[in-house]
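Dear colleague,

Please keep it open while you read.

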Amino acid sequence: MVESEGEPAMVDAEATLSSTATAVLTAPLSLEGGLAAELRPANLVQRVLSLFRNVRPGSDLSHFQLPATFNLPKSQLQLYGEGVYCTGDDHLSRCATGKDSLERLTAVVAWSISTTRPPIFGFAPYNPVLGETHHVSRGSLHVLLEQVSHHPPVSALHATDDGGNVELLWCQIPNPKFNGASIEATVKGKRQVKLLKFNETYEVDCPNLLIRLLPAPSVEWSGTVRIACKDSGLEAELCYYRSHSFLGLGGDARCIKGKVFCSSSPQDTVCEIDGHWDRTVSLKDVGSGEVSVLYDAKSAIGNLTTPEVKDQEGLSPSESALVWGEVSEAILAKDWEKASEAKRRVEDTARKLEKERNEKGEVWMPKHFSLSQDKNGSWECWPLDKSVRPAPIIVPSS
């Protein structure tokens, strides 16, 4: 097992900053408006297809370098974080107020669905550089992310609330692969939701992202998501169904179905889950036949508020919004030459520092997490601090 922890001598993210760096925060992905309304260039499909002309089927795209014209004006760390702190309904707090283990499990299911955001075909976030961080508060919830490895790309997340009710701990490794007519990105690693006052830990998977290039371009979430709590013995299984449309027509897009059951008897369904993650999802109690609304996407991820800087001096030099600020400014201004130059500068600096470390035999160490990899290649992360402090970036109350 390989382990690392402690303070790094130089963080790649910090070294990329210019003296005039400005934090740039953009609208989160949501059901209505936001970035999706702004990013609609002409001939997008042809441009996307041209990117993969020389890429072999089966290729790992983890470190595929996209031109700035195909980037969202934000880092992957920010996208991970927005799934937690950019919400309408506070589903996470509800997880810790359930009156029994079944109510708490279904609340975690609803929260898990709320982290599913509408992707935008043809656009991807920046690949975080080593040591990049993102630190945001929403009310009493404080969220901290760090890019703890670059090869492979491992992102760690730790979140706590002031009341000591909820703790999140994620260690995520995206694995996008090109399959000829499509790209499928799986996310490996572990996501935990801890309800501290009930001594319950929930392990939560996330769906795959499927990007179809041919015959009709589309992007959607798919695959099976498992949510399990060993402490209560309850488990949920959700299936995000592919649309199976023909030339973009037909199919039941964004459909989700699932069930809740006891781990000891998975054949005995306690509740049934049915609906669409971008509309409503219902929960049916199999015993009583009672049906209730488990999740309402419009109230959860519609018209989300953009984070803003509250304390400029409190920003870490490794903050995502600073590291990529110049690139994001240029993208928003559609100054593609400037965006490409700024992006190249960030990535070249990170590569230069990695080369220098290798030549000196230095081992880079995360600032906020300890990290381990077992002999099977699985990664785990643990926070160095028990709780996350309030952040210099906040999500204003809507």
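Which residue takes a positive phi in the hairpin of β18 and β19? In that hairpin, which has 5 residues between the strands, G377 takes a positive phi near 90°.

Before going further, please note that this is a predicted model, in which local features need pLDDT of at least 70 and side-chain atom pairs count only at pLDDT 80 or more, while totals for chains, interfaces and linings use all residues. Residues are numbered from 1 along each chain as its sequence is written, and side-chain values use heavy atoms, with hydrogens and water left out.

The bridge partner of S372 in β19 is E380. Helices (H or I, at least four residues) and strands (E, at least two) are DSSP runs, numbered from the N terminus.

H142 belongs to strand β5 (residues 141–149) and is buried, with a relative accessible area of 3%; here buried means under 20% relative accessible area, exposed over 50% and partly exposed in between, with a 1.4 Å probe and protein chains only. The side chain of H142 makes polar contacts with the side chain of S137 at 2.7 Å and with that of D162 at 2.8 Å. A polar contact is a pair of N or O atoms within 3.5 Å; within protein, one must be able to donate a hydrogen and the other to accept it, and residues adjacent in sequence count only if both atoms are side-chain atoms.

Helix α4 (residues 76–85) is largely enclosed by the rest of the structure, because 9 of its 10 residues are buried.

A search of the whole structure finds 2 aromatic pairs, meaning rings of Phe, Tyr and Trp (its six-membered ring) with centres within 6.5 Å, where planes under 30 degrees apart count as stacked, over 60 as edge-to-face and the rest as tilted. The rings of Y126 and W324 have centres 4.4 Å apart and planes at 20°, so this pair is stacked. Because Y126 lies in strand β3 (residues 124–126) and W324 in the loop between α8 (320–323) and α9 (325–332), the pair ties together parts that are 198 residues apart in sequence. Y126 counts as buried at 1% relative accessibility, and W324 counts as buried at 0%.

With best wishes

Key:
Two strands pair if DSSP finds at least two bridges between them.
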